[in-house]
Amino acid sequence: MSVLPESKVGIVGWGSYFPIYRLSMEEIEKEWGFPNGTGNGLGMKEKAVAYIDEDATTMGYEAARNAIARSEIDPKKIGAVFFGTESKPYAVKPSATILAEALGITPDTMASDLEFACRAGSEGMRASIGLVSSGMIGYALAVGSDTAQANPGDILEFTASSGASAFVIGPSREAAAVFEASYSYVTDTPDFWRRGLSPYPLHGEAFTGEPAYFDHIINAVKGLLEKTGLRASDFDYAVFHQPNGKFPLKVGERLGFPKDKVIPGLLTPFVGNTYNGSALSGLSNLLDIAKAGSRILLAPFGSGAGSDAYSIIVTDKAEVKRSLAPTVSYYLKRKVNITYSEYAKFRRLIKKIGGD
Amino acid sequence: MERLSISKFWRIRKLHYTLAYSKCKKCGYAFYPPKHVCPKCGSSDLEQRTPPREGKLISWTKLYEVPFYFEDQKPIYIGLINLGEVNVMAQIVDVLSEDELREGAEMEMVFRRVKQDGTAGLIYYGMKFRPAHRSGSSKQGQ
Ligand SMILES: [Zn+2]
């Protein structure tokens, strides 16, 4: 394989954040009259729920703070902030500037919010690779964060959840994991969308699986393998977008990645689908646990539709950086279960008239 | 409903985002929120400092009567937290049990929504605190 620009850069810091509240599948089943076991059938145990005072921006901040702590760099050295979300607190006004200001990165930086359903954070990561490898900037911050919305009673409500992950992209010599190659695959596919003033997204039922999730991830991964000459067996772990607990295992099987390579990066059963935080949090968890030299396949997916495939190799710097911020496992363990009515209040499905 | 002042918040946003405080270069008194003159000696020779993100709980109270923008969060916990040179008063969130609120408990800053101006106005962000449980943050797997 020829030397690709990707190999000049890597992940110098990573971090995640999940709110402490969890809603069990039984609570949703009881509330909306689904048969017992509907959630488990999706491979789900419970989902993370953001509190009333949390949103995609606040969770993105927490994940980014952890990533910057592990990067051990002065935030002022970050030259781009990309914020990937589909649950922007403002329709117009960047969250990226709020993050950049609160994290001490402003004013000498690029900053923008990206939207591509669940894949915007990943596009931010690939754009960061380009900017850093070209030498235009020294470091970039790519964040994926969502308080995913679901129409109450819709099947999406079992999985749509809250969480965030962030990565400081910088020179490979400082990296906890280096990029080896990347490849993107996008088409115009209407599997899932939300119009401007609709509070909840709609999905094209039969459209969401085969022509969207599976087709795009499979083509992105195949494109990456073709580009690099690598085979599935060359990878120690594979992380795919995780809309539920089942799809990642299925797509892995089709691409030749056995279950035991997919499960360590599969977080959806415990926290739900955190959309832009989904595959990226799986990667974050692997950086918390993988041995130096491990090769990771990362393949986020976003409706609309597209997928990126990355080959990433963990370095010996990962182990030292792990203790510099809370791990994914810390957030998974620190939790408390809530009722459906608390969930409805926290996510503003019910509101007091005259309240805020 | 009262309208919040955009310019007033914007001018002091760094203070909300970092809880920066003032320290008097003449008498050494440190205070939050920052002011233009030292409340102890009247000197205007002050420097702005950023406190550590972690601190210790001094005392706390639980409020059932709250301003309108906390209506949907009540009851709320308000704590006095020591951040080295200064003490700050702030909301404590993510309290799993009141056992976590003993005197001297480790607290850490969290970035949250503090207020919002109705459904169409600005959202104001700032720092709150939560109990910190950082020991063994490098534990493996789940
Ligand atoms: Zn003084």
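In this predicted model, 30 residues of chain A are in contact with 25 residues of chain B, contact meaning that the C-beta atoms of two residues, placed from the backbone, lie within 7 Å. Because the model is predicted, local features need pLDDT of at least 70 and side-chain atom pairs count only at pLDDT 80 or more, while totals for chains, interfaces and linings use all residues. Residues are numbered from 1 along each chain as its sequence is written, and chains are lettered from A and ligands numbered from 1 in the order in which they are written.

**Chain A facing chain B**
- At least two residues each come from α3 (56-71), α4 (95-102) and α12 of chain A; helices (H or I, at least four residues) and strands (E, at least two) are DSSP runs, numbered from the N terminus.
- α3(A) supplies the largest share of this side, four residues.
- This side of chain A has 14 nonpolar, six polar and 10 charged residues, where Ala, Val, Leu, Ile, Met, Phe, Trp, Tyr, Cys and Pro count as nonpolar, Asp, Glu, Lys and Arg as charged, and the others, Gly among them, as polar.

**Domains of chain A**
- Chain A is divided into domain 1 (5-175 + 321-346) and domain 2 (177-317), with bounds from an automatic or database domain assignment.
- Taken over C-alpha atoms, the centres of the two domains are 15 Å apart.
- Domain 1 gives 51 residues to the contact and domain 2 gives 45 residues.
- On the side of domain 1 that touches domain 2, the elements giving two or more residues include β1 (9-17), α5 (120-133) and α12 (328-333) of chain A.
- β1(A) gives the most to that side, with six residues.
- By class, that side of domain 1 has 20 nonpolar, 21 polar and 10 charged residues.
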